Amino acid sequence: MSHTIGPGHRSFLGGVKDAVTPRATLLVLGVVALQLLFIASYVGALHDPKPKDVPFGVVVPGPAAERTVARLDGLPGSPLDARAVADEATARRQITDRKIDGALITDPAGRTDTLLVASGGGTVLATTLKGIVTGLEASEGRTVRTVDVAPASPDDFNGLSSFYLVVGWCVGGYLCASILAISSGARPSDPARAAIRLIVMALVSALGGLGGALIVGPVLGALPGGVAALWGLGTLITFAVGAATLALQGVFGIVGIGLAILLVVIAGNPSAGGAFPLPLLPPFWKAIGPALPPGAGTWSARSIAYFDGHAMTAPLLVLGAWALGGIVVTMAASAQRGRRGRKAPLPAL
C-alpha cells in the first residue's frame, strides 16, 4: 500500500526551505558556535582568578634578602615571582615603570613592614597582593602598612574605566568596518574602493578616539592623563580593529565579521586584563591577551592614565602591526579580486 505526502506537508517543507536557505543555516550555526565560544571564553578566563607569578620586589637588607625571595617564591600555587630590589626608591621606580606590580619593604628594626602597590594597574591585583602579604606577615607576628604608589582615580571604580574605554573603541572599529563593507559587498571589487574604505575608517577612528578621550577625561573625570595621548591611542586602536576587520572581510566575505568578533570580543576582551589583570588570568588567556588589540589597548590606556606613559612600546607595536597588517591584506585581497574579475570570460551574446 503506497502512502503519499499531503499538500500541506509539502507546503510546510517548502516554506522551511524558502525561509531558511542553506547559506542562512550555515550562518546560524556559525552564530551558535560564536555564542558557545563566548560563554566558554569569558567563564573560562574569569570564573576563578588566581595570582600566578606576579612580578614582586623585595627590599631586605643583607643576606636575608635571598631567604625572603625564596620564601615568597615558594608560596603554595606560586602566586609571586619575587626578586630582590636594592632599595625603596628603586622599588617605586620599577612599579611606575611597570616592571613589577608590588614590593615589600622590610624594617629590621621594627615589627611593621611596608607594602607598595599600584591600584592604577588594577584594583583587584593590588587587593590580592595586600591579602597575600598581610597573611604572610601575620603568620610571623608582623604587621604591614600599604602604600599605593600609583593610585587609581576615585572616579575609576575598580580601575575598569580604561578597559571599558578600549572596549568601546574596539566595538566602534569592527562595527564601522562591517558597515562600510556590507553596504556595497563584503569583498572590495577593486583597490580604489578598498583604499577609500581605509581612509574613511581612519577619519572615523580619529573622531571616535577624540570622543572617547573627552568623555573619560573632561566630561566624566574617570581617568587622569592627557586628552591628546588618549586621543592618539583611541585612534590607533579603532583603526587597527577596523583595518583588521576590513582585511578579514576582504578575504572571507561576510564570514569575516564573525572572525573579527571571535578575535576581538571572544578572545580579546576576557584576556585584556580589564576585569582581572593579566597575572590573575589562566595561562592561555594571559598568553594571548597582550597580542590582541583589547589587551594592548587596555595596558596602554592604564599606562597613560597612571604610569606617565611608561612601558608602552610593546603594546603600541602590537596595535601598529594590526593596523599595518589590516591595510596590506585589505589592499592585497582587493587587488586579487580585481585580477580575477578581469580574467573572467565575457558572457556569450
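Biologist: Let's start with the largest pocket: how much space lies in it?

Modeller: About 450 Å³. Bear in mind that this is a predicted model. Of the 30 lining residues, Arg 98, Asp 101, Leu 278, Pro 279 and Trp 299 are the closest to the centre of the pocket. Helix 5 (123-139), helix 11 (293-306) and helix 12 (313-343) each give two or more residues to that lining, and helix 11 gives the most, with 5.

Biologist: How do the residues of that lining divide into nonpolar, polar and charged?

Modeller: There are 18 nonpolar, 7 polar and 5 charged residues. Gly 30, Val 31, Leu 34, Val 255 and Gly 258 lie nearest its centre, and helix 2 (22-46) and helix 9 (255-268) each give two or more residues to the lining.

Biologist: Why is Val 251 called partly exposed?

Modeller: Its relative accessible area is 38%. Val 251 is found in helix 8 and belongs to a nonpolar surface patch with about 800 Å² of accessible area together. Helix 12 gives the most to that patch, with 4 residues.

Biologist: What makes Glu 140 and Arg 71 a salt bridge?

Modeller: Their closest N and O atoms are 2.6 Å apart. The cut-off is 4 Å, so the pair counts as a salt bridge. Glu 140 sits in the loop between helix 5 and strand 5 (143-148) and Arg 71 in helix 3 (residues 64-73), so the bridge ties together parts that are 69 residues apart in sequence. Glu 140 is partly exposed at 34% relative accessibility, and Arg 71 is partly exposed at 31%.

Biologist: And Arg 142: why is that one called buried?

Modeller: Arg 142 has 15% relative accessibility. Buried means under 20%, so Arg 142 counts as buried. Asp 113, at 1%, is buried too. The side chains of Arg 142 and Asp 113 meet in a salt bridge at 2.7 Å, N to O.

Biologist: How do you know that Asp 113, Glu 137 and Arg 142 are linked in a network?

Modeller: Arg 142 bridges to Asp 113, and Glu 137 also forms a salt bridge with Arg 142, with the closest N and O atoms 4.0 Å apart. That links Asp 113, Glu 137 and Arg 142 in a network of salt bridges. The structure holds 6 salt bridges.

Conventions
Residues numbered from 1 in each chain as written. Predicted model: local features only at pLDDT ≥ 70, side-chain atom pairs only at ≥ 80, totals over all residues. Heavy atoms only, no water. 1 Å grid on protein atoms, 1.4 Å probe; cavity = no way out; pocket = protein on both sides within 12 Å on 5 of 7 lines; lining within 4 Å. Points joined across faces, edges and corners; volume = space filled by probe spheres on them. Nonpolar A, V, L, I, M, F, W, Y, C, P; charged D, E, K, R; others polar. Patch = residues over 30% accessible without salt bridge, like charges linked within 9 Å, V, L, I, M, F, W, Y side chains within 5 Å. Areas by Shrake-Rupley, 256 points an atom, 1.4 Å probe, with all protein chains shown as cover. Buried < 20%, exposed > 50% of the residue type's maximum accessible area, 1.4 Å probe, protein only.
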